[in-house]
Amino acid sequence: MDENRNEVGGGQLIAGYLGIILMLIGGIILLPIMLLAVYPEESVYTSCFTIPGVTAILAGYVMSLFIRGRDKRRLIGHQDALIVVFSWLLAILFCSVPFMLTGKYNFTQSVFECTSGWSTTGLSVVNVEDCPKIFLLFRSVMLFFGGVGLVLVMISVLSDRHGMRLYCAEGHTDRLVPNLVKSARMIIVIYTGYIISGTLLYIYFGMNWFDALNHSIAALSTGGFSTKAESIGYYGSFGIEAVTIVLMLLGSTNFLAHLYLIRGGGKNFFRYCEVKFQLILCALAAPVLSAFLIYGGLEGHVGQGFRDGLFQVVTALTTTGFQTVPSFAVWSSPLILVMTLLMLIGGGTGSTAGGIKQIRVCIMLKSLCWSIRSKISQKRLIHADGIYRISGYEYLKAEERLEASDFILLYLGVFAAGTFILCAYGFGIGDSMFEFASALGTVGLSVGITGYDASPVVLWTETVGMLAGRLEIYVIFVAAVQFGREIKDGYKKTEGR
């Protein structure tokens, strides 16, 4: 009996995990205060961060007492999905408080901005030209932790036997080494190393240290928050654009592929289907986009046209959202279509990018080719079809093809629903598709629909899209069903007493 009393499960187990996450969120909210050592004049905003930060830590500590010093039962059903979704909701809600405390942003705008940050989208209602630096850094902090994931950060600081289920539920499919804790720490080390390198390179090419740090985090997390209204285009520097392109491509690549590349596995890295597919798409789309920019009169000369064309293809495909062109509102329909398709495809699995994900598109394209081959072939042959993953060539099971097609259909269904809402609110079909593809794909590019004065209907539609896109849709549906089950089970237990 004593052993049973020391075990914890159900709602208490969920609350305990959420408590640990909430303490981490509190610590994250307090991080920007360190900037006051450099910019003491912004100390007037200290309470905006200390109030929600300390509150989150205290509340999290109380909730964590449910599991502290007690044996944890197995997570049953889809409790892992429930923990992940509630973790992200808590992060967004608590991080929105600093914006609301300034008095400049209402609840809808604050939640939108923080959802954009945590989902590494980059759509914004903030005017960066008059925004305090402490809030600009806070947005980048959200991008950093949103890119690696809340659960991954939690696992990196504590070892837990249920960690793998939470890790996978958050959308991570890669496991770099057999030990999950070491995997989590290795991802964070690689991620941080790239950010430091990017910051130093940005400084070398002329950025000040503050802009360099923020842009390095935003590029690698494929978030796109900039400290300048003109984004990367403000600098007009080929070196800065080149560094940004490299960081965006690294951020949109599976972290397992990074490990192979660092360890000298360049052969496997460039055979990996997502890496090949990404490079092929860039090679095909960049000349097309550049040609339309040049002959459409949007660029003054050929060299600048190809430069901007390549940059915009990479920023859309990697779902980053930086830009070097003034506005997408004046782009022609073919340009908007190409960008929308790239945003829908998105980056690689196990990366910081959003979208459908390249491996699913690869599987569906290859399945289409295999289907056509089987119909036109005169020989009755059985083919063992597969794709190159980072570990080598692997045969595809029928279940994997079905899962890929199911997800793509679901993703396009959500995309159609979001586009319909924006259209119903009075925007054109092309602009609505572009804007919601950007939100759902966690990209951050805009044709002008999103902004400080945008309607709450628009902001909430995009907020739901950003969260669904970051958590890959399925986990939200699963969590909603599990939440209903938890309430039902709790009601039954109450009635049984």
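Biologist: Which ring does K133 lie over?

Modeller: K133 lies over the face of F210, 5.8 Å from the ring centre. The rule for a charge over a ring is NZ of Lys or CZ of Arg within 6 Å of the ring centre and within 35 degrees of the ring normal. Keep in mind that this is a predicted model: local features need pLDDT of at least 70, side-chain atom pairs count only at pLDDT 80 or more, and totals for chains, interfaces and linings use all residues. Residues are numbered from 1 along each chain as its sequence is written, and side-chain values use heavy atoms, with hydrogens and water left out.

Biologist: Thanks. And what does K228 lie over?

Modeller: K228 lies over the face of Y234, at 4.8 Å from the ring centre. K228 also meets D211 in a salt bridge, with 3.7 Å from N to O. A salt bridge here is a side-chain nitrogen of Lys or Arg within 4 Å of a carboxyl oxygen of Asp or Glu.

Biologist: Where do D211 and K228 lie?

Modeller: D211 lies in helix 10 and K228 in the loop between helix 10 and helix 11 (238-251), so the pair ties together parts 17 residues apart in sequence. Helices (H or I, at least four residues) and strands (E, at least two) are DSSP runs, numbered from the N terminus.

Biologist: Are D211 and K228 buried or exposed?

Modeller: D211 is buried, and K228 is too. Buried means under 20% relative accessible area, exposed means over 50%, and partly exposed is in between (1.4 Å probe, protein chains only).

Biologist: How many salt bridges does the count come to?

Modeller: The count comes to six salt bridges. One of them joins E472 and R360, with the closest N and O atoms 3.0 Å apart. That pair links distant parts of the chain: E472 is in the loop between helix 20 (456-470) and helix 21 (474-496), R360 is in helix 17 (residues 358-376), and they are 112 residues apart.

Biologist: Why does E472 count as buried?

Modeller: E472 counts as buried because its relative accessible area is 16%. R360 is buried as well, because its relative accessibility is 16%.

Biologist: What does R389 pair with?

Modeller: R389 meets E400 in a salt bridge, 2.6 Å from N to O. R389 lies in strand 3 (residues 386-389) and E400 in helix 18 (residues 398-424), so this pair ties together parts eleven residues apart in sequence. E400 is partly exposed, with a relative accessible area of 24%. Salt bridges that share partners also join K357, R360 and E472 into one network.

Biologist: Switching to aromatics: how many aromatic pairs are there in the whole structure?

Modeller: A search of the whole structure finds 23 aromatic pairs. In F49 and F138 the ring centres are 5.2 Å apart and the planes are at 85°, so that pair is edge-to-face. F49 is in helix 3 (residues 46-64) and F138 in helix 6 (residues 133-148), 89 residues apart. Rings of Phe, Tyr and Trp (its six-membered ring) pair if their centres lie within 6.5 Å; planes under 30 degrees apart count as stacked, over 60 as edge-to-face and the rest as tilted.

Biologist: Is F49 buried or exposed?

Modeller: F49 is buried, with a relative accessible area of 0%, and F138 is buried at 0% too. F49 and F138 also belong to one aromatic cluster with Y45, F99, Y105, F135 and Y452.

Biologist: Now the surface. Which residues form the nonpolar patch?

Modeller: V38, I196, L200, I203 and W209 form it, with about 470 Å² of accessible area together. Areas come from the Shrake-Rupley method with a 1.4 Å probe, and for residues only the protein chains shown count as cover. Patches are made of residues with over 30% relative accessible area and no salt bridge, where like charges are joined within 9 Å and nonpolar side chains (Val, Leu, Ile, Met, Phe, Trp, Tyr) within 5 Å. Helix 9 (residues 180-204) gives the largest share, three residues.

Biologist: And where is W209 found?

Modeller: W209 is found in helix 10 (residues 209-220). W209 is partly exposed, with a relative accessible area of 39%.
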